[in-house]
Amino acid sequence: MLKLALFFLIVSLVAGLFGFSGISAVSAGMAKILFFIAILAFVVVILIVLFSAKSLFN
């Protein structure tokens, strides 16, 4: 997921460099969305691991 976010970020930068502002804005928005989804998934996994470890050791 983070690889896709990085890919869209690079596409956005290259498109902005060549003057394609519409494509740049869309790909930057997609990169932001994917980045926040990846962060949210990471937090959910951390919480699941913490709660499962807590129940295993009690």
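**Figure 1. The whole chain in a predicted model.** Buried residues make up 14% of the 58 residues in the protein. This is a predicted model. The protein holds 2 helices and 0 strands. Its C-alpha trace spans about 60 × 15 × 10 Å along the principal axes. The radius of gyration is 17 Å, whereas a compact globule of 58 residues would have one near 10 Å.

**Figure 2. Helix 2 from end to end.** Helix 2 covers residues 21-56. It has 36 residues. From the first C-alpha to the last, helix 2 reaches 52 Å. That is close to the 52 Å expected at 1.5 Å a residue. Which residues of helix 2 are buried? They are S24, S27, A31, L34 and A38. Helix 1, residues 2-17, is part of what covers them.

**Figure 3. S24, a buried serine of helix 2.** S24 has its place in helix 2. Is S24 buried or exposed? Its relative accessibility is 14%, so S24 counts as buried because the cut-off for buried is under 20%. Setting aside residues up to four places away in sequence, S24 touches S12, A15 and G16.

Figure 4. What does S12 touch, not counting residues up to four places away in sequence? It touches S24, S27 and A28. S24 and S27 are among the buried residues of helix 2. S12 and G29 are 17 residues apart in sequence, and their C-alpha atoms are 9.0 Å apart in space.

**Figure 5. L13, the next residue along, is exposed.** L13 is also found in helix 1. Is L13 buried or exposed? With a relative accessible area of 58%, L13 is exposed, because exposed means over 50%. L13 and S27 are 14 residues apart in sequence. Their C-alpha atoms are 9.0 Å apart in space.

**Figure 6. A nonpolar patch on the surface.** Which residues form this patch? They are L2, F35, F36, I39, F42, V43, I46, L47, L50 and F51. Together they have about 1000 Å² of accessible area. Helix 2 gives the largest share of the patch, with 9 residues. F42, one of the patch residues, is found in helix 2. Its relative accessible area is 55%, so F42 is exposed.

**Figure 7. F35, a partly exposed member of the patch.** F35 belongs to the nonpolar patch and lies in helix 2. F35 has 37% relative accessibility, so it counts as partly exposed: the value falls between the cut-offs of 20% and 50%. Leaving aside neighbours within four places in sequence, F35 is in contact with L2 and A5. L2 is another residue of the patch. How far apart in space are F35 and I23, C-alpha to C-alpha? The distance is 18 Å, and the two residues are 12 apart in sequence.

How values were computed. Residues numbered from 1 in each chain as written. Predicted model: local features only at pLDDT ≥ 70, side-chain atom pairs only at ≥ 80, totals over all residues. Heavy atoms only, no water. Patch = residues over 30% accessible without salt bridge, like charges linked within 9 Å, V, L, I, M, F, W, Y side chains within 5 Å. Areas by Shrake-Rupley, 256 points an atom, 1.4 Å probe, with all protein chains shown as cover. Salt bridge = Lys/Arg side-chain N within 4 Å of Asp/Glu carboxyl O. Helix = DSSP H or I, 4+ residues; strand = E, 2+ residues; numbered from the N terminus. Buried < 20%, exposed > 50% of the residue type's maximum accessible area, 1.4 Å probe, protein only. Expected span 1.5 Å × (residues − 1). Contact = heavy atoms within 4.5 Å. Rg over C-alpha atoms; globule rule 2.2 N^0.38 Å.
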